[in-house]
Amino acid sequence: MKPAPFYYHAPSSLDEALGLLRDLRDEDAKVLAGGQSLMPMLNMRLARANHLVDINGLRELDYAREERSGLAMGALTRHRTLERSADVARRIPLLTEAIPQVGDRQVRFRGTLGGSLAHADPAAELPTIAVALDAEMVVRSRSGTRTVRAADFFLSFFTTVLEPDELLTEVRFPAFPARSGCAFLELTRQLGAYPIVSAAAVVSIDDGRIADVRLALGGVGETPIRAHGAEAALRGQRPTLEVLTEAGRLAADDTDPGADVHGSAEYRKEMAAVYARRALQTAADRAISLPLDGGGLGRG
Amino acid sequence: MRLNGVAYERYVEPRRLLSDFIRHDVGLTGTHVGCEHGVCGACTVIVDGQLVKSCLMLAIQARDADVLTVEGLARDGGLHPIQQAFHEHHALQCGFCTPGMLLGALSLLEENPNPNEDEIKLGMDGNICRCTGYYNIVEAIKAAAAALMASKV
């Protein structure tokens, strides 16, 4: 099918884009970035827009900036750039592990970091990772700039806190703690499909015990779920199979998955526990296998 | 827009998909439309060196771009080595997915001139085939890689 008619705008600067979004805030305008999620919906008429604001001309939003506290990336950074970035591999290896599982090769050429987060599919990889890592979203409009934590950014299925006149411009990922390992695992029936459930974990080990842990699950609710209960139970514990299995169960208990053609709610909850445990196990193993001298990050 | 090196200028609605522009406004019907929502990859083309699904781009987004379609592969009446390899290894049956496969293979081999079997399968994950079972496609791409490397010696 073909999209319904719309007015098309292609701003050439961020300022121009923000002005357009403000002027069109009551006119049912949608932002077009990579188009890998929006265009299928427009083509199938699952979504309609009166105006499309194409931000692909905003090259100033495609960047990575090292900060002492972590890595900041422009919203228009393409998945392919993230996938091949040495800075990302060094500082946010969870992204490097997950991005090859996002869509397929064509999708990764066009799809963007900001687009994936703003689209807010609760099964998608990048929102789950943003929640796991407490990423911060920088949101701009003509009225000003605000920073929103990932935990507050995602409201529901395909719904974020973004107002019609706002644009996600930057995403800040905090640096990993030293001596940590990470893992991203997803259950999917075929490569490139949206995960049924996914788990993102970062574990740091000190003297054989879990010093710090991050765990988030995707595909198990209206938004990615941060497993606070499991994290609290894990801190200070040795990463044994029993401990991690219990943590997986705690994480799954915090979820409220829906059912669809890919899986029942019970199945998703069961798989959430399994994938949480596996991700924790892999992250812990990678942390433990780090060389004793110096820090470094354990990654796949 | 430059398509296979030739400049074209057309007036289109904003909602005109690049796939339909190529097929109907320019008349190059080698690019096929399978699912029209970005899953099958039959519509795959190369825009400014990027492998993209043309059903997920608006024609106007490719304004001033260099677009390569399957028609741009053959030179001087002779098949591109990738096309030759697909022919020799029977990597097509109905041929519907083939233009997307050829461009996908071209893009993959530009990035990785000597991929192993797993790298080929992963690198072609955006293109679906209903006929062949993929085995001969993988074999053809291996052969094409070898042929391209040999021709650079």
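Reply: H2(B) and H5(B) are oblique to each other (angles under 35 degrees count as roughly parallel, over 145 as roughly antiparallel, 65 to 115 as roughly perpendicular and the rest as oblique). The model is predicted, so local features need pLDDT of at least 70 and side-chain atom pairs count only at pLDDT 80 or more, while totals for chains, interfaces and linings use all residues. Residues are numbered from 1 along each chain as its sequence is written, and chains are lettered from A and ligands numbered from 1 in the order in which they are written.

Me: At what angle do H2(B) and H5(B) pack, and how far apart are their axes?

Reply: Two packed helices are described by the angle between their axes and the distance between the axes. Here helix H2 (residues 81-88) and helix H5 (residues 135-151) of chain B pack at about 140°, with axes 8 Å apart. Axes are lines fitted to C-alpha atoms, for helices over the stretch in contact, and angles run from 0 to 180 degrees between N-to-C directions. Helices (H or I, at least four residues) and strands (E, at least two) are DSSP runs, numbered from the N terminus.

Me: Which residues of H2(B) and H5(B) meet?

Reply: Pro81(B), Ile82(B), Ala85(B), Phe86(B) and Glu88(B) of H2(B) meet residues of H5(B), including Ala140(B), Ala144(B) and Leu148(B); contact requires C-beta atoms, placed from the backbone, within 7 Å.

Me: Which strands pair with S3(B), and in which sense?

Reply: S3(B) pairs antiparallel with S4 (residues 50-53) of chain B over four bridges, and antiparallel with S5 (residues 66-68) of chain B over two. Ile46(B) has the bridge partner Leu51(B) in S4(B) and Leu68(B) in S5(B). S3(B) and S4(B) form a hairpin with two residues between them, where Asp48(B) in the turn has a positive phi of about 50°.

Me: Is Ala120(A) buried or exposed?

Reply: Ala120(A) is buried, because 24 other C-beta atoms lie within 10 Å (20 or more make a residue buried, 12 or fewer exposed, and numbers in between partly exposed; C-beta atoms are placed from the backbone). This residue lies in the loop between helix H7 (113-119) and H8 of chain A, and its phi is positive, near 60°. Eight of the eight residues of H8(A) (residues 125-132) are buried, so this helix is largely enclosed by the rest of the structure. Asp134(A), which follows H8(A), has a positive phi near 60°.

Me: How many residues does each chain give to the contact?

Reply: Chain A gives 23 residues and chain B gives 21. H6(A) gives the most to the side of chain A that touches chain B, with five residues.

Conventions: Contact = placed C-beta atoms within 7 Å. Pairing = 2+ DSSP bridges.
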